[in-house]
Amino acid sequence: MSYFHVQYHSQALNGGGELGVLLPEHWEDYQRCKVLFLFHGAFGEYIGNIMNSSIYRHCSKRGIAIVAPSAYLGVYTDMVHGEATYSYVKEAVETASRLFPILSRDPRERFLLGISMGGHGAYKLALEHPDQFAAAAACSSPIDVVRTMELLESGQHPGGKELFHAFESSDHYRGTVGDLVEAARRKHAQGIPLPRLFLCWGDADHARPEDEVTVEKFKALGYPLVTHMGKGGHDFDLWDPMLESIVDWLLEGGDFHGAD
Amino acid sequence: MALIEGRDMFQIVRHSTRFSLILPDTCNGADAPLLWLLPIRGGLHSEWVRHTPIERWAEALGLAVIMPEGLKSDYTDMVYGMKWWQFISLELPEYLRRVFGLCPERSRQYVFGAEMGGLGALKLGLRQPERFRAVGAADVPLDQFERCDPLRAREMTDIYGPAPMDAEIRAQNDPVLLARALTTQEPPAFYLERNSETETRLARILAEHHCDVHQLDGTARDWDGRTEALHQFLHACPGLAPASQREEE
C-alpha cells in the first residue's frame, strides 16, 4: 500500500494544510496514475472517507490514485466568517499535482468525488474548471447551496448553524462561484461543455428533496445528471455499496449500473 | 514546504517501508538539491524530523530531504534479513524519481548520517561516489569491523553472517577498506569526526585518495551532538546556500 500523509503550509489558509495521497497497488505499471480527488463531508477530515469505505480497493484495482484533502468545516467555500476553504481546496489539488508528478495532469484522467458536503466541492471545481476534469460524482450532496440556505432559513433543513458561518445567507451566496445552478446557466449560455456529472442519494436521506430538485434544475439547463437513488439514509451504509459502480461510471460514463 | 510521511511496499526489501520526505516550495523535481539523511540503528524514519530543526534548515536552503528507515541493517544486504543496500542504493533513488520527480544532478546530491546512518552515508559515498557531492558521517561504528562487541554479536551475525566476517562481505561494507579501494577521479567531499584512531585513519586514507576531507568538531553520541554535526555539515557543504545568498550570486 502506497500511502502518504502530507503536511504543508497553505497560502490560502495562511496556516497548515493536510492531504492524504494513496497510489494504486502496481502504480509502477503506469507512466502516470489517473487521479480521484476525494472530498469529505461536514465534521470530517481527509481520512474519514477512506476509513469508512472500500474506495481505495476499488480505485487501486483500476489504477487510480486518491488525493484527499482535509477541507475543514467550510462547505468548500471561501467563508464569510471563517477560512478560504474553497481556495484552499483548489490549492490542495494543485499542491498534490506538483509534489507528485506521478499523478496525471490529463483532464481525461482526473475525476472528482464528494460525499455529502464534499459533493458541493466536487461540482464546484467541475463547474469552475470544466477543462480540468473528466467527471464529477456527488453522494447525498447540497449541490444547490442557495436552495439549502433557503431551507435552513425557513427551518426545513437539519443542517447546523455552522452553514451560516460559511454563507451568512442565501442572498449572500446567490450569484457567487458557489451558486452552481447559476454557474451551470452561464456555462450553457457560453456553450461550454461540462464534465460528466453524477448524483446519488438515499430513499430515506435528508438530502433527497434537495437532490431531486437539483436534478430538475440541471435538466432544465441542458445538463442532465446521471442519477441513482439507493436504499438508506445519510451514511456510509448507503454510500459504500455504490462506490464501486460510481468509480466505474467516473471512468467510463454511460448509464449507471448501481448496486443495492 | 511540505513534510510527507510515506510508506510503500518496496520490491527489493519486500517490506512495507517508511520514509519522511521534506520538499521545498521551490521544488520542481530535478531542480532541488537533495540530502539523504539516514537514521541511527533501529531508529524510525521520522527521527531527524523529531529531534532536529532539519525542516527549518531545509526550508532556508531550498533543500529536499529524504529520510528512509533502515531498521538494524547497517544498510546492508543482510545475511539473515532484507536487502537494505539494494533498497537504498538502487530502488529508492528510482522510486523518488518516478513518484516525486526527484532526480538531482550529482553536484546537488548529499548524504549525511550518524552512528548506523553514518555508516550508510559512507557506504553510499564510497560505493557510489559518482552520485554525491558531499558525504557527512558522525559517530560511525568503524571499529565493529575490527572487533565485534559481544553485546552485539547476534545483530552482527544477522547482518554480516557468523564471525569471523567473510572477507568479501567486509570489503563491501567496511568504510576503511572501501576508502582504500576508491578509484574515482572525482570523489565527493567528506566531513568526518576525528575522535578515534580509526576515524583519523579513515580521514588519512581518503586524503591519500585525493578526497577533500573536512573535520566535524564535537562528538555526535546524542541528539545534541548529532544536531550540531548536521548543522556543521549543512553550513560547510559546497553548493548549499540560503535563499538570500543564492539571489546575490
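The model is predicted, so local features need pLDDT of at least 70 and side-chain atom pairs count only at pLDDT 80 or more, while totals for chains, interfaces and linings use all residues. Residues are numbered from 1 along each chain as its sequence is written, chains are lettered from A in the order in which they are written, and side-chain values use heavy atoms, with hydrogens and water left out.

Start with the interface. Chain A puts 19 residues in contact with 20 residues of chain B, contact meaning heavy atoms within 4.5 Å. The size of an interface is often given as the accessible area lost when the parts come together. Here the area buried between chain A and chain B is about 1,600 Å², with carbon and sulfur atoms giving 50%; buried area is the accessible area (1.4 Å probe) that two parts lose on being put together, summed over both. The rule turns up one salt bridge across this interface, that is, a side-chain nitrogen of Lys or Arg within 4 Å of a carboxyl oxygen of Asp or Glu. Arg98(A) pairs with Asp25(B), and their closest N and O atoms are 3.9 Å apart.

Within chain A, helix α4 (residues 117–128) packs on helix α8 (residues 180–189) at about 20 degrees, the axes being 10 Å apart. Helices here are DSSP runs (H or I, at least four residues), strands likewise (E, at least two), numbered from the N terminus. Axes are lines fitted to C-alpha atoms, for helices over the stretch in contact, and angles run from 0 to 180 degrees between N-to-C directions. α4(A) and α8(A) are therefore roughly parallel, a label for angles under 35 degrees. On the α4(A) side the contact involves His120(A), Tyr123(A), Lys124(A), Leu127(A) and Glu128(A), and α8(A) brings Leu180(A), Ala183(A), Ala184(A) and Lys187(A). By class, that contact has five nonpolar, one polar and three charged residues; Ala, Val, Leu, Ile, Met, Phe, Trp, Tyr, Cys and Pro count as nonpolar, Asp, Glu, Lys and Arg as charged, and the others, Gly among them, as polar.

Chain B has a helix pair too: α2 (residues 54–61) and α9 (residues 223–236) pack at about 5 degrees, with axes 12 Å apart. Ile54(B), Trp57(B) and Leu61(B) of α2(B) meet Thr227(B), Leu230(B), His231(B) and Leu234(B) of α9(B). This contact has five nonpolar, two polar and no charged residues.

Now for the backbone of chain B. Ala163(B) and Pro164(B) are joined by a cis peptide bond, with omega about -5 degrees, and Pro164(B) lies in the loop between α5 (153–160) and α6 (167–173). Tyr75(B), though not a glycine, has a positive phi of about 50 degrees.

Note on methods
Parallel < 35°, antiparallel > 145°, perpendicular 65-115°, else oblique.
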